[in-house]
Amino acid sequence: MRAKNHLQTALKAVVADLELPWPDKVSIEPPKDKKFGDLAANIALVLAKPAAMPPRELAARITERLQQKYPEISGVEIAGPGFINVTYAPDFWHRTVHMVEQAGGRFGSVNVGNGRKVQIEYVSANPTGPLHIGHGRGAAIGDSLARMMRFAGFETSTEYYINDAGRQMLLLGASVYYRAKQIKGMDVAEPEEYYRGDYIRDIASEVLGFTPDLLEKPEEEALAVCQKYAVDTIMAGIRQDLADFSVSHDVWFSEKSLVETGAVDKTFDRLRRSGLAYEEDGALWFRTTDFGDDKNRVLKKSNGYLTYFASDIAYHDNKYDRGFDLCVDIWGADHHGYVPRMRAAVQALGKPADSFDVILVQLVNLLRNGEQVAMSTRAGEFETLADVVKEVGADAARFMFLSRKSDSSLDFDLELVKQRSMDNPVYYVQYAHARICSVLRKAAERGTTPETHSDEELLKPLVHADEIDMLRLVDRFEDTVEAAATSLSVHHISYYLQELASALHRFYANHPVLNAPDEQILKARLALLRAVAQVLRNGLDLLGVSAPEAM
C-alpha cells in the first residue's frame, strides 16, 4: 500500500528527528471507520516508555512534525490514548492513477520473494480415475498460488506428482484385466477390491481392441499391459481436464522414477547415516518420535514393499536436491494428520521446518438450487471436474473455488454460478470490468478518450468521497498481493476483487460518467475507471479468470 509505505517512511524520519529508536511493533493500518482518516498508527503508544512521556504528549509532537514536513497529509488527529489518525489530500490519491497507468499489467506486483525458489505441488491425484471437483478446487488454488507467487517476486515452479507405483497401480491393472475377461464372456468371480467405474470397462475394451490376444498372454504380462494402458489413458484425461480448466504444471514427476533412479535408496542411506532409520522385524523404520510423532513409522515393509511415506520422503528429498528453498504441497483436508509426519521427515533431511508448508483443501458440496447433488457415477449426476466445467465454464468454477479460504468447506451451487446476476460473485466482478469497458467504448464513440498518461490537472475533479474510496482500494491492491503471497492464501485476492467491484458498481449507480456535469469531470472519471479496470484485470489474472470486455 503506497499510503502505508509513505506514512511509515514519514514516521521513521520524525522518530529519528526526535532521537528515538524505531520500535518493532508499529501498527499502521486503515481504521475500521473511515471517519477516522485513511490510516491509524500506534507509534506514540509503543514509544511512550523509551520517550519517557505520556503517549498523547508524544503523539502531539509527532503530529506537529508530520503537518510541518508533509503537505500531502491534509489532516492529523490524536485519538483515544494516543493513536495518530492520518488523512491524505486528494492529490496524493490521484497519483495512484499515474502508477496504474505506468505499471499496467504489473501494477500490484511486489518483490517480497526476492527470487526465493518455491515449488508448488498440487492435484497429484492417483491416476486411477478422472478428476473430481475436490481435485478441481486444489487445482485452482495451486495454479493461482503459483501465479501470485511469481507476481510477488518468487521464482516459482509447479509440479504434479504421478503416483504410478505401488499397490493402487497393481489394483488398477487387475481391475481392467477383470473387466476384459467379463467383456469376453468369461465366468470370473468379482474381486473384493477393484475400481468399478464405467471408465474401467471402456479402458478394457480399448485394450482388447489393440491387443486382441490379451487373455491368451501369461497373466503377469497381461496385467502389465492393462496397467500401463490404464495409467497412460487416465493421465491423458487428467492433463486434458486440467488444460480445459486453465491449469498447467511445469513438471510431471513420476513416483516410479524414484525407485528406478535409486533415489529412494539414496534417501534411506541418508536417514541411516543420521541414525534416523533402523531395521526391526525385517522392516525399515523411521524414528519420527524424535520429531514429536506418537510412534515410529515403517518405510519398507518386511515383504519388501515401500510405504507411501517412504516414497514421499524420497520425493521431498529430491525436491530439495533440486534447489528449492520452500516446498508447498496442496492436499485434501483428510490428510491433516500426515502433515506433522512429513514436516518431521523434512527436518530429518536436514531442512528447516519452515522450508515446507501444506495448504489443506476442504471438501466441495455440490448443489443445484440449494439441493445436494449426489456424488456418484450414475447418469445425469455430476461428479467429475470435467462435468462441472462443461456446465458452468472454467472462469466461474475457478472463481467459486477461490472465493473462500481453502480450509473452509465450500457450497458450490451450479445454478447460482450460471446466473447472470449480482448474486453470482464471478459475474459481479467480471461485470464490473465489462461495465467500465462499455463506458470507455461509448466515450470513445463520442470522441472522448482518456489520455494515455493523466496529469494532475486532469485528475483534480476527483474529490468526491466515493472517488477517493475507489482510489484507496486501488492503492491497497499491492498490499493485498503481499499479504496473500506471504500467507499462501489466494482467497485474499477474490475478497479484494469483490470489494473493488462493489465500489465500482456503487459509484456507477450514484455518479454519472458519460453524463457528467462537465468535460473535466468526465475525463477525470474516465481515467479513474480505466485504472480500476486495469486492477480488476490484474487481479482476475492472478485467479486464472478472464476479464471480459462485454457481457
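**Close-up views of a predicted model**

**View 1. The largest nonpolar core and the contacts of phenylalanine 401**. Of the 145 residues in the largest nonpolar core, those touching the most other members are Ile62, Leu66, Phe245, Phe401 and Phe412; a nonpolar core is a set of buried Ala, Val, Leu, Ile, Met, Phe, Trp, Tyr and Cys residues joined through side-chain atoms within 4.5 Å, and buried means under 20% relative accessible area, exposed over 50%, and partly exposed in between (1.4 Å probe, protein chains only). Helix 21 (residues 519–542) supplies the largest share of this core, 14 residues, where helices (H or I, at least four residues) and strands (E, at least two) are DSSP runs numbered from the N terminus. This is a predicted model, in which local features need pLDDT of at least 70 and side-chain atom pairs count only at pLDDT 80 or more, whereas totals for chains, interfaces and linings use all residues. Residues are numbered from 1 along each chain as its sequence is written, and side-chain values use heavy atoms, with hydrogens and water left out. Leaving aside residues up to four places away in sequence, phenylalanine 401 touches Ile133, Gly136, Arg137, Ala140, Phe245, Val364, Leu385, Leu410 and Phe412, contact meaning heavy atoms within 4.5 Å. Another core, of 30 residues, lies apart from the largest one and has Ala263, Ala277, Phe286 and Phe324 among its members.

**View 2. Helix 18 (residues 465–475) and what covers it**. Nine of the eleven residues of helix 18 are buried, so the helix is largely enclosed by the rest of the structure. The buried residues are Asp466, Glu467, Ile468, Asp469, Met470, Leu471, Leu473, Val474 and Asp475, and their cover includes helix 1 (2–17), helix 4 (90–103), helix 19 (477–487), helix 20 (491–510) and helix 21. Aspartate 475 is 236 residues from arginine 239 in sequence and 38 Å from it in space, C-alpha to C-alpha. Arginine 239 is found in helix 8 (residues 219–244) and counts as partly exposed, at 39% relative accessibility.

**View 3. The second largest pocket and its lining**. The space in this second largest pocket comes to about 360 Å³; on a 1 Å grid over the protein atoms alone, a pocket is an open set of points where a 1.4 Å probe fits, with protein on both sides within 12 Å along at least five of seven lines, and lining residues have an atom within 4 Å of a point. The second largest pocket is lined by Ala165, Gly166, Arg167, Glu255, Val259, Lys301, Asn303, Tyr305, Leu306, Thr307, Tyr308 and Ser311. Helix 9 (255–260) and helix 11 (308–321) are the elements that give two or more residues to this lining.

**View 4. Positive phi at glutamate 19 and valine 123**. Most residues other than glycine have a negative phi. Glutamate 19, although not a glycine, has a positive phi of about 55 degrees; this residue sits in the loop between helix 1 and strand 1 (28–29) and is exposed, with a relative accessible area of 73%. Valine 123, likewise not a glycine, has a positive phi of about 70 degrees and is placed in the loop between strand 5 (117–121) and helix 5 (133–151), where valine 123 is buried, with a relative accessible area of 13%.

Notes
Grid points are joined across faces, edges and corners, and a volume is the space filled by probe spheres set on the points.
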